[in-house]
Amino acid sequence: MPEKKYKYINLFSGIGGWELGLTDLPMENVLSCEIDKYARATFLANFSHLPCVTNDNYPTDIRKLNPADIPDFDILVGSPPCQSFSLAGQRQGLRDLRDDKGNMFFYVLDIIKGKQPRAFILENVKGLLTAEKGRSFRVIHDLFRNAGYSFHYKVIKGSDCGIPQIRQRLFMVGFHNDECGSNLFKFPDPVPLKFTLCEVFNCVECDRDISRTLMTMRWDKKYGQDYNFATYMVDGSPRTITINEAKKIMGIPPCFKMPVPEKQQQKQLDNGIIPECVKMVAENVIRHLQKFPA
C-alpha cells in the first residue's frame, strides 16, 4: 500500500524554505501564498512544478483568501511576518498599527476555523514570546486553544538541527480537537552538526564553528563592529560571507535559484527559514498523525 500523503497549504511561502524542508516527506503542497514579488520570483524559479502552481493556487494576499475557496488539506504551515515581534524591531506585537503585519495570525486563525485541518505548524521569531510583555503570545495561544487545537511550542536553533547557524526560531504545533494523544507530541531532540563554518569557507581555521544569525541590513558591518553578523576571521583574515556561503549556512542547496538582485538575495536568505528545522519538526508531526489516523 502506498504511503499516505498529507496535503498542506503554506500561507507565507517566502522563497520556499518550507518546501525545501518538506520535499522528501509524504506531503503535497496544494496551495501557497506570498505577497512579495521578489520572493515569488525565487519561489517560481524553483517550485513551478508543485500543484499549488500548476493548479493556479498560488495567491498573493492571505487577507483576500476565502476559506471556502481553499482546497481541502491536512496540515497548515507558515511563517507569519515577524517584524512586529522581532527583537530587532519595535516589538509592537499585535498592537502594531504601522501596517497589518501584526494581525496575520488572525487571518491564519480564520482559515483554520473555516477548514479545520488535522494539524498546523507555524514558525516565528523568538521575540514573539516576550512581545508586549508576553501578551501577544498569550492571546495567540488562547485563540488557537479556543478554536479547538492543542498548542505546543519550542524555540529551536539551526544548530539544534545540524546546521551551523544560531538562528533561534519559535515553532508552534497544534492538533485538532486535542487529537488522541496530542499531549504526547514531542519536538525533535537536537542532533550533532552536519558541518561547521570551516567547511562552509573551505578553510583551515575559523573563529567560530556556528555562524551568527543572518540578519537583514547587517552585511556591511566589519569584523569586530557591533551588530556584525556576516564577517568572520577566516585563516587569520576578516572575510564577509558570500551569497553562496550564506546558502550553505542556511542549509540550502547550491543549485537553488535566486533570480533577483543581490540585495534581494541577501534579504531573502536573512528572512528565510532553515529547511532542516522544518523537516525535523514536520517529521515528528507526521509520526504523531500516523499513530492516530483520522
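Visitor: What should I know about the model and its numbering?

Guide: This is a predicted model, in which local features need pLDDT of at least 70 and side-chain atom pairs count only at pLDDT 80 or more, while totals for chains, interfaces and linings use all residues. Residues are numbered from 1 along each chain as its sequence is written, and side-chain values use heavy atoms, with hydrogens and water left out.

Visitor: How many helices and strands does the protein chain have?

Guide: The chain has nine helices and eight strands. Both are DSSP runs, numbered from the N terminus: helices are H or I with at least four residues, strands are E with at least two.

Visitor: Why is glycine 174 called buried?

Guide: Buried means under 20% relative accessible area, exposed means over 50%, and partly exposed is in between (1.4 Å probe, protein chains only). Glycine 174 has 0% relative accessibility, so it counts as buried. Across the 294 residues of the chain, 53% count as buried.

Visitor: Where does glycine 174 lie, and what is it in contact with?

Guide: Glycine 174 lies in strand β6, residues 168-175. Contact means heavy atoms within 4.5 Å. Leaving aside neighbours within four places in sequence, glycine 174 is in contact with Arg118, Ala119, Phe120, Tyr149 and Ser150. In the whole chain, among contacts between residues at least 6 apart in sequence, 68% join residues at least 24 apart.

Visitor: What makes arginine 63 and aspartate 61 a salt bridge?

Guide: A salt bridge needs a side-chain nitrogen of Lys or Arg within 4 Å of a carboxyl oxygen of Asp or Glu. In this pair the closest N and O atoms are 3.0 Å apart, so the pair qualifies. The structure holds six salt bridges.

Visitor: Are arginine 63 and aspartate 61 buried or partly exposed?

Guide: Arginine 63 has a relative accessible area of 41%, so it is partly exposed. Aspartate 61 has 11%, so it counts as buried.

Visitor: Which residue forms a salt bridge with lysine 115?

Guide: The partner is aspartate 72, with the closest N and O atoms 3.0 Å apart. This pair links distant parts of the chain, 43 residues apart. Lysine 115 is in helix α4 (residues 104-115), and aspartate 72 is in the loop between α3 (51-54) and β3 (75-78). Aspartate 72 has 58% relative accessibility, so it counts as exposed.

Visitor: What is the N to O value for glutamate 245 and arginine 239?

Guide: Their side chains meet in a salt bridge at 2.3 Å, N to O. Glutamate 245 is buried, because its relative accessible area is 7%. Arginine 239 has 30%, so it is partly exposed.

Visitor: How do you know that β7 and β8 pair?

Guide: Two strands pair if DSSP finds at least two bridges between them. Strand β7 (residues 231-234) and strand β8 (residues 237-240) have four bridges, in the antiparallel sense, so they pair. Methionine 233 has proline 238 in β8 as its bridge partner. Tyrosine 232 stands opposite arginine 239 in β8.

Visitor: What do β7 and β8 form?

Guide: They form a hairpin with two residues between them. Aspartate 235 in the turn has a positive phi of about 50°.

Visitor: What about glutamate 132: buried or exposed?

Guide: Glutamate 132 has a relative accessible area of 17%, so it is buried. It lies in the loop between β4 (119-125) and α5 (135-146).

Visitor: What lines the second largest pocket?

Guide: A pocket is an open set of points on a 1 Å grid over the protein atoms alone, where a 1.4 Å probe fits, with protein on both sides within 12 Å along at least five of seven lines; lining residues have an atom within 4 Å of a point. This pocket is lined by 13 residues, of which Leu22, Thr23, Met27, His49 and Leu50 lie nearest its centre. β2 gives the most, with three residues.
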